[in-house]
Amino acid sequence: KKQGSFCAKTYRLLFGGVLRDKEKGEGLYYSGAPYVLIAALILVIVMPKMVAMFAVSILLISDTMAALVGRSVGKHKLVGHKTWEGTLAFILSGFVVVIIFYVLCDLSLWRMMSGVLLGVLGDLYNEKLHVDDNLSIPLLAAVPFLF
């Protein structure tokens, strides 16, 4: 019990600033990491490797930028606690990822841009759909490559 308490306190000390409210509490709660792993496994099995890398990159970079910008300077609510500022940060950083993958991997520009827009919808509506955004963002970002 003492070790668990120590682990929980250490975890909150190290990561408390980036945890969501539902991940904070007395016990030791997992973050969105299992959902990232599940999404990555699904994508690696179903999609070409570069598409999987693109979709996970959108999650890692764009979702992070949305959270950082939305929490630090976001003032204009869009959906729930999501802000216009965070959403714009998601889209702009997503387009930077698109440019990098377009140059380095020659993936379809329009499919990637569509993937960013679908990914941002996964970020905006994940709570209403009761799906963790670490699962919805990369899976939705890969959808345009299915067709």
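My notes follow, topic by topic.

**Core.** I started by noting that this is a predicted model. Then I looked up the largest nonpolar core, which has 23 residues. The residues with the most contacts inside this core are Leu43, Phe54, Ile58, Phe90, Leu107, Met112 and Phe145. Which elements give two or more residues to this core? They are helix H3 (49-73), helix H4 (84-105), helix H5 (109-129) and H6. H3 gives the most, with 8 residues. A reminder to myself: in soluble globular proteins, nonpolar side chains tend to be buried together.

**Met112.** Met112 touches Phe54, Val98, Phe101, Tyr102, Leu107 and Phe145. Phe54, Phe101 and Phe145 also turn up together as one aromatic cluster, and that sent me to the rings.

**Rings.** A search of the whole structure gave me 2 aromatic pairs. For Phe54 and Phe101 the ring centres are 5.7 Å apart and the planes sit at 75 degrees, so I logged the pair as edge-to-face. Phe54 is in helix H3 and Phe101 in helix H4, so this pair ties together parts that are 47 residues apart in sequence. Phe54 is buried at 0% relative accessibility, and Phe101 counts as buried at 9%. The other pair is Phe54 with Phe145, also edge-to-face, at 6.0 Å centre to centre and 65 degrees between the planes. Phe145 lies in the segment after H6 and Phe54 in H3, so here the parts tied together are 91 residues apart in sequence. Phe145 is buried too, at 14% relative accessibility.

**Charges.** How many salt bridges does a search of the whole structure find? I got 1. Lys82 forms a salt bridge with Asp123, with the closest N and O atoms 3.0 Å apart. Lys82 lies in strand S2 (residues 82-83) and Asp123 in helix H5, so the pair ties together parts 41 residues apart in sequence.

**Ile137.** Ile137 is buried at 0% relative accessibility. Leaving aside neighbours within four places in sequence, Ile137 is in contact with Ile58, Leu59, Asp63, Phe90, Gly119, Gly122 and Asp123. I also noted the C-alpha atoms of Ile137 and Val36, which are 9.6 Å apart although 101 residues separate them along the chain.

**Surface.** Leu37, Ile38, Leu41, Ile42, Ile45, Val46, Leu146 and Phe147 make a nonpolar surface patch of about 860 Å². I checked one of these: Ile38 is in helix H2 (residues 33-46) and counts as partly exposed at 41% relative accessibility.

**Backbone.** Last stop was positive phi outside glycine. Asp106 has a phi of about 55 degrees and lies in the loop between H4 and H5. Asp106 is exposed, with a relative accessible area of 61%. His130 has a phi near 60 degrees and lies in the loop between H5 and H6. At 73% relative accessibility, His130 also counts as exposed.

How values were computed: Residues numbered from 1 in each chain as written. Predicted model: local features only at pLDDT ≥ 70, side-chain atom pairs only at ≥ 80, totals over all residues. Heavy atoms only, no water. Patch = residues over 30% accessible without salt bridge, like charges linked within 9 Å, V, L, I, M, F, W, Y side chains within 5 Å. Areas by Shrake-Rupley, 256 points an atom, 1.4 Å probe, with all protein chains shown as cover. Salt bridge = Lys/Arg side-chain N within 4 Å of Asp/Glu carboxyl O. Helix = DSSP H or I, 4+ residues; strand = E, 2+ residues; numbered from the N terminus. Buried < 20%, exposed > 50% of the residue type's maximum accessible area, 1.4 Å probe, protein only. Contact = heavy atoms within 4.5 Å. Core = buried A, V, L, I, M, F, W, Y, C linked by side-chain atoms within 4.5 Å. Phe/Tyr/Trp six-rings, centres within 6.5 Å; stacked < 30°, edge-to-face > 60°.
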